[in-house]
Structure formats: C-alpha cells, structure tokens
Amino acid sequence: MITEPLIQTKLIRWSNLHSAVLLAASTAMLLFSWPIELLLGSAALSFAWFIVRGPGNWTSIGQFGPANAVTLFRLLLIFSLVTFAHQPDLIILLALLVLCLDGVDGWLARKFNCVSEFGEYFDKETDAFFMLMLCWLIVLDQRLGLWILIPGLMRYVFVCFLMLAKPPAYKEQQTTTGKVVFVVTMLVLIACFTDYPAIYQPLALAITLLLCYSFIASIRLIYRSARNDE
C-alpha cells in the first residue's frame, strides 16, 4: 500500500510535468503557428498516463469511482470543444454543461466517501485545461488578441514557478475566493463566444487583470505562511 505522502509526491511530480508539457505546446503554437492538435495530443497523452498509472490511488476505496467518472466525462467534453471551433452557439452550450458539472464530481466524492488526492488533482487539472482550451478557441476565432491566453496559461506558469522556486509551502491552497474567481472567469470566457464584443472585451480584460493579481497574491501567501511557521 502506497503511503499518502508518497502518493502526493507522485501527483505533484505529474502535475509539474503536465504543466511544463502544455506550456511548451502552447509556446510552440505561438512561435511556430502549429495547429491546436499539438496541444490536444500533448494533453491527451499526459492525462492518459495520469489515469493509467492511478489504479489503487484513484479513490479512498481503491476504485475509479463516480466522481472521477464525471471528471473524465468533463475532460472528454473539453476535448470535443475544438470540433465546434466555428460554431460559437454549440461551444457556449457545451462549455456551460462542463461548468455545471464541475461541482458534481466533488459532491459525488463526498457522498460516496471516495475523496482522494488523485481526484483533487484530476479535477483541478481538468479545470485548468478547460480554461486554456477556451482561451485558445477565442484566439483562433479572432475574438480577442493573444493577451487572452494569459488566464489560460496562468496556472501552468504558477505550477512551473513552484517547481523551479521550490518554496516551503509547495502545494497550492484552494480557497472559496479562488473557486468564485474561477467560475466568474469561465463565465466571462464563455461570454466571449457571443456577439457582444462591447460587453465581453472589457470583462475579459478585467478578469485577466484579476487573475494576475491573484497569481501575485498566491505567491505572497505561500512565502508569508512559511515565515509564520518558522
């Protein structure tokens, strides 16, 4: 039986590699105009490796569980978004479904007593990929400039920062405020597929600035917590 600290170490190691791979894929798309299939393929291989290596650690009861099944379904829906790249109405409907299902996996995990570190990482990495995909689809549809990729890449930059800087409090802390900011951000990104640029453009800029502030605040919190523990 693998101990909890060892499981967490393995998950952090995968999260670091996953973030580096998706950040590299996005960078290659920006520099060399490579197609979005590069990002999709990189993410698919990374998530597949994550899931295949997870048996025994999937949940506290050792099974994949209904919560992880919902997260997997959400992930598949996110991959399918690119199919509707030129059909904004379908993107809106599909993205809203993915967002609505976001709270279902956590509820199922608590209801069936199958909360796990694996499920936590699976959920938050799926959320991050969801945001990145929407940002890239917005750029490819020329609804906003390249700056809108900042929200999508923010988490991956943050994880890579943690990997390189190795601060004392290594694991990210989830907060209620962070969850609210995520939902608001996703709603604004979804709104970018409507026909009202005068509304969604300033909102998208506002959430980008908000996430930049949140990014800086999270780093400060990590180091402040470390000083308080000394």
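Is Asn113 buried or exposed? Asn113 is exposed, because its relative accessible area is 57%; exposed means over 50%, buried under 20%, and partly exposed in between, using a 1.4 Å probe and protein chains only. This is a predicted model, in which local features need pLDDT of at least 70, side-chain atom pairs count only at pLDDT 80 or more, and totals for chains, interfaces and linings use all residues. Residues are numbered from 1 along each chain as its sequence is written, and side-chain values use heavy atoms, without hydrogens or water.

**View 1. The whole chain is built from 9 helices and 0 strands.** Helices are DSSP runs of H or I with at least four residues, strands are runs of E with at least two, and both are numbered from the N terminus. From the N terminus on, the order is α-α-α-α-α-α-α-α-α. The chain has 230 residues, of which 48% count as buried. Take the contacts (heavy atoms within 4.5 Å) with a separation of 6 or more: 76% of them join residues 24 or more positions apart.

View 2. Most residues other than glycine have a negative phi. Ser33 lies in the loop between α1 (4-32) and α2 (37-52). Its relative accessible area is 65%, so Ser33 is exposed. Asn113 sits in the loop between α5 and α6.

**View 3. Helix α3 packs on helix α6, their axes coming within 10 Å.** Axes are lines fitted to C-alpha atoms, for helices over the stretch in contact, and angles run from 0 to 180 degrees between N-to-C directions. The two axes cross at roughly 15°. α3 and α6 are therefore roughly parallel; that label covers angles under 35 degrees, with over 145 roughly antiparallel, 65 to 115 roughly perpendicular and the rest oblique. The crossing of α3 and α6 is left-handed, meaning that the near helix is turned anticlockwise from the far one by less than a right angle, whereas clockwise would be right-handed. On the α3 side stand Asn68, Thr71, Leu72, Arg74, Leu75, Ile78 and Phe79. They meet Phe118, Gly119, Phe122, Asp123, Thr126, Asp127, Phe129, Phe130 and Met133 in α6.

**View 4. Arg74 is a residue of helix α3 (residues 65-80).** Arg74 counts as buried because its relative accessibility is 0%. Leaving out residues up to four places away in sequence, Arg74 touches Val98, Leu101, Asp102, Asp105, Asp123, Thr126 and Asp127. Phe130 is 56 residues from Arg74 in sequence, and their C-alpha atoms are 8.9 Å apart.

**View 5. Helices α4 (residues 88-100) and α5 (residues 102-111) have axes that come within 3 Å.** These axes cross at roughly 25°, so α4 and α5 are roughly parallel to each other. Val98, Leu99 and Cys100 of α4 make the contact with Asp102, Gly103 and Val104 of α5.

**View 6. Helix α6 (residues 117-140) packs against helix α8 (residues 176-191).** Their axes lie 10 Å apart at an angle of about 25°. That angle makes the pair roughly parallel. The crossing of α6 and α8 is left-handed. From α6, Asp127, Phe130, Met131, Leu134, Cys135 and Ile138 make the contact; from α8, Phe182, Thr185, Met186, Leu189 and Ile190 do. Buried in α8 are Val181, Phe182, Thr185, Met186, Val188, Leu189 and Ile190.

**View 7. Cys192 sits in the loop between α8 and α9 (197-229).** Its relative accessible area is 0%, so Cys192 is buried. Not counting residues up to four places away in sequence, Cys192 touches Ile138, Arg143, Leu144, Tyr200 and Ala204. Cys192 and Cys135 are 57 residues apart in sequence, with C-alpha atoms 9.4 Å apart.

**View 8. Helix α7 bends by about 30° at Arg155.** The bend is the angle between axes fitted to the seven residues ending there and the seven starting there. α7 (residues 149-165) has 17 residues and should span 24 Å at 1.5 Å a residue; its end C-alpha atoms are 23 Å apart, which agrees. The expected span is 1.5 Å times one less than the number of residues. Buried residues of α7 include Leu149, Pro151, Gly152, Leu153, Met154, Arg155 and Tyr156. Just after α7, Lys166 takes a positive phi of about 50°.
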